[in-house]
Amino acid sequence: MAAPEVFRWILDTEPEWPCPDNVKAGRDAAPRWAQQPDTKRALMLLPVHEQEKVLRFYHIRDAKLSLGSQLLKHCAIVQACNVPWPESIVSKDVNYKPCYVPLGGNNRQMEFNVSHHGSIVALAGCADNDIQLGVDVVQVDLSKDIPRVRQEGWSSWVNTYEAVFSDQEVQDIVSWKPPQHVSEEDTIKAKLRQFYAHWCLKEAYVKMTGEALMAPWLKDMEFRNVQVPQPTDGLLSPEGTAWGEIWSDVEVWLRGSRITDVKMELQAFREDYLLGTAVSSLTASFLPYKILNLPHDIYSAAEAR
């Protein structure tokens, strides 16, 4: 039996579906933005209840992320299951995790997971429905976090999130220091990347299980041997976007025992993003991330079927 392949996509919503300058955040912002030809074309590819979900958002940036997320889910179903776009119905499993159940069927036919942060939507999917997947994308927001760290102190800031991390993880994050002497600001930046590396891994893992950050065992699980992948200067993809290092030797521990049936990967993207992927199969292979082109990869898939 062939090893499962996990395909991974990214869509940057920042340049897509422009919003007129006179449309400001508010209850009527998304409906007004939806009248733009580009936005209307994308919305019409979704069922009505998904369109309504997109248009509930107060900020256009959030509506864009929601729209991108919905389009990626449908595109994944179309391509992985070879069904027409109108039949690419997004369902939810018992943990409210999105899945695909064919019309008239009772069982899901593929596994996928979606995450979004900043302007990026990420999707991980696999045609094998016997595995579980989790993906997380996080933007390290230095402009927001550095002032708070300076005001509160590093230890106090980290402890704000102690409900998410084990006691050992909190200790590891608080005590971690950059490998070389740098300025005070660069030290904070490096520490924040270390914090968000732990956060991204944990989000990817709990999303794989379907329990998210409400999992009762959240503080009992910890990641060891965490190395932060760095942006790689000068390494440009064909799209002209910098891809950074990959770290995959992460150890997952639960209540003192190592979990050995999960494969994880952490990758740097651009200067300020981290992408985490988790899969419940050691034999699964992670395909490289693909940056989707909206007309070529999504509209063509929708309008050709």
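Reader: Which residue meets Lys 189 in a salt bridge?
Author: In this predicted model, the salt bridge of Lys 189 is made between side chains, with an N to O distance of 3.5 Å. A salt bridge requires such a pair to lie within 4 Å. The partner is Glu 185.

Reader: About how many helical turns separate Lys 189 and Glu 185?
Author: Both residues belong to helix α8. They are four residues apart there, so the separation is about one helical turn.

Reader: Is Lys 189 buried, partly exposed or exposed?
Author: Buried means under 20% relative accessible area and exposed means over 50%. Glu 185 has 35% and counts as partly exposed. Lys 189, with a relative accessible area of 29%, is also in the class called partly exposed.

Reader: Which residue forms a salt bridge with Glu 184?
Author: Side chains of opposite charge can pair when their charged atoms come close. For Glu 184, the closest N and O atoms of the pair are 3.0 Å apart. The partner is Arg 150.

Reader: How many residues apart are Glu 184 and Arg 150, and in which helices do they lie?
Author: Glu 184 lies in helix α8, residues 184–209. Arg 150 lies in helix α5, residues 142–152. The pair links distant parts of the chain, and the separation is 34 residues.

Reader: What is the relative accessibility of Glu 184 and of Arg 150?
Author: Exposed would need over 50% and buried under 20%. Both residues are partly exposed. The value for Arg 150 is 44%, and for Glu 184 it is 48%.

Reader: Is Asp 297 buried or exposed?
Author: Asp 297 and Lys 290 meet through their side chains in a salt bridge of 3.1 Å, N to O. Lys 290 is partly exposed at 40%. Asp 297 has a relative accessible area of 9%, and the cut-off for burial is under 20%. Asp 297 is therefore buried.

Reader: How many salt bridges does the count come to?
Author: The pairs described above are among them, including Lys 290 with Asp 297. The count comes to 14.

Reader: How far apart in space are Asp 249 and Met 221?
Author: Asp 249 is in the loop between β8 (243–247) and β9 (251–254). In sequence, Asp 249 and Met 221 are 28 residues apart. In space, C-alpha to C-alpha, the distance is 17 Å.

How values were computed
Residues are numbered from 1 along each chain as its sequence is written. This is a predicted model: local features need pLDDT of at least 70, side-chain atom pairs count only at pLDDT 80 or more; totals for chains, interfaces and linings use all residues. Side-chain values use heavy atoms; hydrogens and water are left out. Helices (H or I, at least four residues) and strands (E, at least two) are DSSP runs, numbered from the N terminus. Buried means under 20% relative accessible area, exposed over 50%, partly exposed in between (1.4 Å probe, protein chains only).
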